[in-house]
Every structure is written in structure tokens, then in C-alpha cells.
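Thanks for coming. I have one structure to go through today, and I will keep to a few parts of it. Please look at the screen.

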Amino acid sequence: MTATLAPAPGLFAPRLRAMTVGSVALISLLAFEALAVGTAMPTVARNLDGLALYGLAFGGPFATGVLAMVLSGIWCDTRGPGSPMWHGLLWFVAGLVVAGTASTMEALVVGRVVQGFGSGLLSVALYVIVGQAYPEELHRRIFAAFAAAWVVPSLVGPAVAGLVVEHLHWCWVFLAVPAVAVPAALLMRPGLRSVAATAVTRTSVGAVARIGWACGAGVSAALLHIGGQQHGASALALSAVATGGLLFCAPRLLPPGSLRAARGLPAVIGLRGLASAAFVGAEVVIPLMLSRERGLSPTAAGLVLTTGALFWSAGSWIQGRMRAPASRASLPRAGLACVTAGIGTVALTLLPGTPVAVAVLGWAVAGLGMGLLYPSLSALTLELSAPGEQGRSSSSLQLCDSLGAATVLALTGAVLASGSAPASGSFLVALAISTALALTGTLLATRVTPAPSTPR
């Protein structure tokens with residue numbers, strides 16, 4: 001793929017500077033909270049004597065986040081993205097305060113559920129703001145900045161959360177974030193006025209039905225998450241019910257044809273789900289595989305994942321500074337090909353005598369592919385959305401991403417738990433599933449280009 005460097009970026013032009021800083025800061029805070037809570041939660045559950053509610057503390061916010069994404073999409077398309085952004089900030093901050101001041105596990109779960117709802121509203125609204133506030137030629141660059149905003153928290157978030165829990169108190173993992181989130185949102189206020197001025201009130205067709213399907217998908221996703229933390233018959237039953245619920249509800253929340261990658265926007269949505277499922281499915285296997293099969297310490301195995309995060313950021317930076325490729329399919333196809341090759345390379349470390357450096361190289365290639373892929377799919381989603389439907393399309397994109405990851409995590413968990421203990425065979429099957437998903441996406445990538453008769 002041949003690329004030509006574009007002129008100097010315009011994300012920090014006077015008109016956009018505050019909007020860029022504020023939106024990237026909010027994405028970073030959403031990422032930090034999503035990653036840091038996992039580090040703090042074992043201590044929280046012990047201190048509050050709430051191990052029985054541990055699964056709900058993660059599944060609850062996932063469920064409300066699914067509902068909020070759909071609501072935010074409807075809201076953005078009918079009233080503009082300003083109101084859902086401010087309401088999302090309010091719910092997000094309120095949930096953090098409730099969780100940070102909780103004296104019981106029940107109260108903390110309530111806070112987490114509220115926080116998840118706010119995160120869902122915010123994440124979709126920020127995508128729509130990009131579509132309405134930034135010119136199309138900057139979309140890949142701002143989404144590259146959003147991708148980079150996830151990288152730093154993925155590198156330092158768990159470590160910072162661990163230090164906070166160990167030397168201060170776990171409550172500050174929740175309470176410190178609002179002090180930054182509110183000023184970051186206020187930076188965006190002047191730019192949002194111009195977006196609000198162009199918003200047109202519309203009637204959203206089928207909104208009530210979509211909200212109902214979102215409730216069903218959210219509950220199913222929560223059950224899938226909780227079932228993954230169970231054992232034996234209960235895990236199997238919960239996972240089966242949850243998977244059935246997702247298969248029934250999710251297609252009704254996505255553009256028709258998304259699950260079969262129909263040409264145009266449905267293919268973009270479907271590829272995002274395939275990519276998310278492939279990458280996350282491999283990501284959860286790699287540390288365990290390297291620890292058990294190659295004797296690496298948890299820290300050393302984690303550094304392999306860090307390499308992937310760094311190359312994800314590098315890939316995002318590269319695609320954001322390339323001129324628009326000749327074909328819409330170029331970046332998605334290249335990205336998914338890298339993910340396929342990268343995961344397949346990681347699997348080679350299951351062969352005796354293969355250096356661990358091969359896993360590092362493979363995961364770096366996979367991370368590079370995700371960096372090329374994710375921002376380009378986000379930009380294509382806005383580009384291919386019909387007028388007045390950027391909210392619905394953005395919510396569908398993020399829903400497919402989240403639900404794809406949740407589904408493959410449940411499947412991977414079942415594969416790893418199929419024997420008395422995870423072994424090379426189960427690791428190979430799990431990585432083969434991820435490789436197959438990425439390869440399928442590579443083969444379908446050309447479908448992101450609409451048919452000639454389809455209007456843009």
C-alpha cells in the first residue's frame with residue numbers, strides 16, 4: 001500500500017483546539033476508568049465483603065452501557081449531540097461519586113451501573129460531535145487521537161490504580177476522575193454551541209422498539225459476562241441463555257445486513273465486530289499461554305500486550321497522516337490482514353523451540369493492524385451514514401464492537417475451561433478462532449465500498 005504524507009494536521013487550529021483537547025481528554029478518562037476498575041475491584045470486593053456481587057459490578061455497567069449507546073444514538077439524531085453529551089457527563093460523574101463513597105457492595109454496584117450508563121451516552125455523542133464539528137478530511141486524524149487516548153491508560157492505568165489502592169484508598173480510583181472530566185467537558189462548550197446551532201429536530205422512526213431491543217441485548221450481555229465467571233452447569237446455562245438473547249436482539253439494533261457484511265455501512269459495522277472479537281479473543285489468551293507454556297512471569301507476559309498497545313498507537317498515527325487511499329477498502333483490508341498475520345504468528349510460540357520474541361513480533365503486527373483499522377472504520381461510519389443518522393450509525397458501530405468482544409470472550413472462556421486446566425490444545429483452538437475471525441474480515445473488507453448504485 002503506497003501512502004503520501006498529508007499536509008500539517010489541523011486538529012489544533014484555533015476553532016478546533018479546545019474541542020480536540022476536551023474530547024480526547026474525555027476519551028482518556030473513559031478508558032482509564034474502564035481499565036483501572038479491573039485492578040481495584042478485587043480489593044473493593046474484599047473490603048466491602050461483596051465477592052458475591054463481583055460479576056454484577058462488571059456486567060451491570062456493561063448492560064446499561066448497551067442501552068445508553070442506543071439511547072444516545074436516537075437522541076443525537078433527533079436533538080443533536082450536545083444534550084446527550086452533557087447528560088452522559090452527569091451520569092458518569094454521579095456514578096463515580098456514588099461508587100467512590102460506597103460503604104456497601106450494593107451501593108458500589110449502583111454507582112457502577114450509573115457510571116456505565118453515562119459512559120454509553122458519552123461515547124456515542126463524542127463520535128457524532130466529530131461528524132458535525134470536524135471537516136471530513138480530519139475524521140481519520142481525530143479518531144487516531146481517540147485511539148491514542150486509549151493507549152496511555154492501557155499502559156499506565158492498571159499500575160496507577162494499583163498504586164492508588166495500595167498507598168491511598170481504592171475510593172480515589174473513582175473520585176479522582178470527575179475532577180478532570182468536568183473541566184475537559186467545559187473546554188468543549190464553545191464548540192458545541194456551533195454544533196447545536198446546526199442541529200435539526202427530527203422524529204426517530206422505531207425509537208421505542210430499538211430501546212426495547214437494547215434492553216434485551218443489555219441484559220443478555222450482562223448475563224454473558226456473569227456466566228463467564230461461573231463454573232459448571234450454571235456457567236453453561238447462563239451463557240446459553242445470554243447467547244440466544246444476543247442473537248435475537250442484536251441484529252435488530254444494527255443496520256440490516258451487518259451480520260452478513262452487506263455492502264456499504266453494514267459491512268463497516270460488521271468488520272468492527274469481527275476485528276474486536278478477533279483481537280480481544282487473542283489478547284486474553286496470550287498472557288496465560290506465555291505464562292503456562294513458556295514460563296514467563298505475569299509482568300513479562302504483560303509486556304507483550306504493551307507492545308501491541310504501542311503499535312496500535314503507531315498504526316493510528318500512520319493512517320491519520322496518510323492522504324485518502326484510492327479505495328475505501330485499503331486501510332480496513334490492510335489492518336485486518338495484519339491482525340490475521342499477527343495472531344497466527346503468536347500461535348507459532350506453541351511450537352517447542354520457537355523464541356518468545358516471535359510472540360512479541362506477532363502481537364506488534366496485530367496492534368499495528370488495529371491502529372490502521374479502527375480509526376478508518378470510525379471515519380467510514382460517519383462518511384457512509386445517511387443525513388441525520390450519524391448517531392444511530394455510531395451507536396451501531398460501538399454496539400457491534402462491544403457485543404462482538406463479549407461473545408468471543410465467553411466462547412474463549414468455554415474453550416479454556418473445557419479441560420481440567422488450560423493446555424496447549426485449548427490455547428491453539430482459542431487463537432485459531434481469533435485468526436479465523438480476522439481472516440474472515442480480511443476477505444470481506446472490499447464490501448465497505450457501496451455498490452455503484454448506492455448513494456453516499
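In what follows, a residue is called buried when its relative accessible area is under 20%. This is a predicted model, and I start with one residue in it.

Is Leu30 buried or exposed? Its relative accessibility is 11%, so Leu30 counts as buried. You will find Leu30 in helix α1, which covers residues 17–47. What does Leu30 touch, leaving aside residues up to four places away in sequence? Its contacts are Phe92, Ser119 and Leu122. Take the pair Leu30 and Leu122: 92 residues separate them in sequence, yet their C-alpha atoms are 8.9 Å apart in space.

Next, helix α4, residues 105–133. From first C-alpha to last, the 29 residues of α4 reach 41 Å, close to the expected 42 Å. Of those 29 residues, 24 are buried, so α4 is largely enclosed by the rest of the structure.

Now to the other end of the sequence, and helix α15, residues 390–416. α15 has 27 residues and spans 39 Å between its end C-alpha atoms, close to the 39 Å expected at 1.5 Å a residue. α15 is also mostly covered, with 21 of its 27 residues buried.

α15 brings me to a pocket. The second largest pocket has a volume of about 580 Å³. It is lined by 26 residues, and those closest to its centre are Leu259, Gly273, Leu403, Gly404 and Thr407. Which helices supply at least two residues each to this lining? They are α10 (232–249), α11 (265–294), α15 and α16 (424–444). The largest share comes from α15, with 8 residues. By type, the lining of this second largest pocket divides into 19 nonpolar residues, 6 polar and 1 charged.

Last, confidence. What is the average pLDDT of the chain? The average is 83, and 90% of the residues score at least 70. Where pLDDT is low, the predicted coordinates should not be read in detail.

That is the end of my part.

How values were computed. Residues numbered from 1 in each chain as written. Predicted model: local features only at pLDDT ≥ 70, side-chain atom pairs only at ≥ 80, totals over all residues. Heavy atoms only, no water. 1 Å grid on protein atoms, 1.4 Å probe; cavity = no way out; pocket = protein on both sides within 12 Å on 5 of 7 lines; lining within 4 Å. Points joined across faces, edges and corners; volume = space filled by probe spheres on them. Helix = DSSP H or I, 4+ residues; strand = E, 2+ residues; numbered from the N terminus. Nonpolar A, V, L, I, M, F, W, Y, C, P; charged D, E, K, R; others polar. Expected span 1.5 Å × (residues − 1). Buried < 20%, exposed > 50% of the residue type's maximum accessible area, 1.4 Å probe, protein only. pLDDT = per-residue confidence, 0-100. Contact = heavy atoms within 4.5 Å.
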